[in-house]
Amino acid sequence: MDYPAWIVGGVGPGWVIGLIATFHVLISHFAVGGGIFLPVTEAWARKNNRDDVIDFLKKFSKFFLILTNVFGAISGVGIWWAIGLISPQATASLIRLFTFVWAAEWAVFLVEIISLIFYYYGWERMKPATHQAVGWIYAVTAWLSLFTINGILTFMLTPGGWAESGSFFQGYFNPGFWPSLIVRTLVCIACAGIYATFVISKMDEKSKFRKELLAYTSSWLVPVYVLLGLSLLWYFSVLPGPIMESLLSGISGGVGAAAQGNMMVVSRIALLCLVATVTTGLAFFVSAYLNPREFTIRKSAILLASIAIFVTSFEYTREMLRKPYVIRDFMFSNGVPLKATMEQPLERSFTKEMRFKPKDSSLGEQMFVGQCMSCHTMDGYRSLSKRLSGRDSESIYQLLLVMQKSPEENPYHKVMPPLIGTEEELRALSDYLYESIKSIEKEKGYTGSNAAHAASH
Ligand code: HEC
């Protein structure tokens, strides 16, 4: 614990990152997709002398200008703020491990947004060949921005051989790198294609132009969806054994009590991802491609929503599968490095290692802030008042003792980091939890018995 903690109540810190990151990921996938869709379609239109399509693209590119340069850029900075405040240890590690990659990311994004500005304002002002060239620069840098960050994102879930060798290249080009790059590239293309379909579906239903454009976008989307389904399977297949085990156990109903409810949700969401892919692909083929006339704006809005749901579920699954780690096999979500739990006894003092402590905090609160707060709130998201309701201080202490045991005797080790702390600190934490829960229940007017009742739900 080398950094001060940001105490977030309510939804908890995880959701602060989650909300900002989901927003950013959605936008960036649309933005990268637009980077590919616009110049490719421009090239097609120029080759076929389709001025009407060029006119369409001129208007269409404005959306991507605003999306990328305003919302993409702002939410990207938002992520830095959020992760820097909430997971400073992990953020610092990622910066140290991948300094050069971050610099490269910054450089390609800079070129991406500048070329996009030239692309949008250059429609009337540049020669077609120059405009097209700017378009290709925009396409390549947009995709490179995905390429660069992809290595870091996948590293956090599947660091592979890096855990032993410490090699930069093994960490960056980790087992998840290629499947994830392909899944994401396809998702980007799907996002831009679906958004184009959405805009096109607003045109006059009888126009030939609308029909042609719909056929054009479907010819992008149908193969993209087929490939997406396959590459998702590839992606899941490179996940390490323990992750796959928990994913599958959620479907089959195995795993310990603590993990089960959790993993059930993850497994279902992962399944939802797969099902959403297949149905959206089919829906495109049947409606937009075969029956363009009947492809209403309502239908296209549903498909637009489906890709948003896909992206959100994919990110959520990835985050959840990483539990209890923030960087797998290296650092737990609460910022404690794996090494620190393996090389020294867990029964040592934790709070002595904290360089910053919340002002006027008790020993128990320090333990909570340092080791539980990254995943639990007291009374909001994944609340401990619900999970520990009906227990007295001694019974909470017994549970904490289990969290300190070796993996064989600790059913929680798959979802929670091992607990560091002396007996005194564990006692202080259980007292703190017990007292906090009691006052929360009092505030809400629970009595002992209906609190226990609430816990059983
Ligand atoms: C890496 C994230 C993470 C950290 C850190 C963490 N937990 Fe958990 N905890 C989970 C998850 C995930 C579950 C299982 C799913 C659920 O209950 O939501 C869980 C479940 C629990 C449960 C319910 C157990 C059961 O049998 O149902 C308790 C109690 C609990 N945690 C207490 C704590 C305490 C106390 C700490 C701090 C010492 C802590 N957790 C730290 C993620 C975490």
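A residue is called buried here if 20 or more other C-beta atoms lie within 10 Å of its own, and exposed if 12 or fewer do. By that criterion, helix α3 (residues 88–97) of this predicted model has Ala 90, Leu 94 and Leu 97 as buried residues. Seen down the axis of α3, its buried residues fall within an arc of 70 degrees, so they line one face of the helix. The protein as a whole comprises 18 helices and two strands, and it is divided into domain 1 (13–332) and domain 2 (338–455).

**Overall dimensions and contacts**

- The radius of gyration of the protein is 25 Å, which agrees with the value near 23 Å that a compact globule of 457 residues would have.
- Along its principal axes, the C-alpha trace extends over about 80 × 45 × 40 Å.
- Of the 457 residues of the protein, 39% count as buried.
- Among contacts in the protein with a separation of 6 or more, 75% are made by residues 24 or more positions apart.

**The largest nonpolar core**

- The largest nonpolar core holds 94 residues, and the members that touch the most others are Ile 189, Ala 190, Cys 191 and Ala 192.
- Helix α8 (residues 177–200) supplies the largest share of this core, namely twelve residues, while at least three residues of the core come from each of domain 1 and domain 2.
- Leaving aside residues up to four places away in sequence, Ala 190 touches Leu 221, Val 224, Tyr 225, Leu 228 and Ile 307.

**Helices with a buried side**

- The buried residues of α3 pack against α5 (128–157), α7 (168–172), β1 (325–327) and β2.
- In helix α16 (residues 393–403), the buried residues include Ile 396, Leu 400 and Met 403; they cover an arc of only 50 degrees around the axis, which puts them on the same side of α16.
- Glu 394 and Gln 398 are exposed on the other side of α16, and what covers the buried residues of this helix includes α17 (423–444).

**Exposed positions in helices**

- Arg 298 belongs to helix α12 (residues 297–322), and this residue counts as exposed because 8 other C-beta atoms lie within 10 Å, where the cut-off for exposed is 12 or fewer.
- Arg 298 and Ile 152 are 146 residues apart along the chain, and their C-alpha atoms are separated by 37 Å.

**Backbone features in loops**

- Most residues other than glycine have a negative phi, and most peptide bonds are trans.
- A cis peptide bond, with omega about 0 degrees, joins Lys 323 and Pro 324, and Pro 324 is placed in the loop between α12 and β1.
- Asp 360 has a positive phi, near 50 degrees, in a residue other than glycine; the residue lies in the loop between α13 (338–342) and α14 (363–371).
- Asp 360 counts as exposed because there are 6 C-beta neighbours inside 10 Å.
- Arg 382, which is also a residue other than glycine, has a positive phi near 45 degrees and is found in the loop between α14 and α15 (384–387).
- With 15 other C-beta atoms within 10 Å, Arg 382 is partly exposed, since its count falls between the limit of 12 or fewer for exposed and that of 20 or more for buried.

Conventions
Residues are numbered from 1 along each chain as its sequence is written. This is a predicted model: local features need pLDDT of at least 70, side-chain atom pairs count only at pLDDT 80 or more; totals for chains, interfaces and linings use all residues. A nonpolar core is a set of buried Ala, Val, Leu, Ile, Met, Phe, Trp, Tyr and Cys residues joined through C-beta atoms within 7 Å. Helices (H or I, at least four residues) and strands (E, at least two) are DSSP runs, numbered from the N terminus. Domain bounds come from an automatic or database domain assignment. Two residues are in contact if their C-beta atoms, placed from the backbone, lie within 7 Å. The radius of gyration is taken over C-alpha atoms; the globule rule is 2.2 Å times the number of residues to the power 0.38. The arc is that of the directions from the helix axis to the C-beta atoms.
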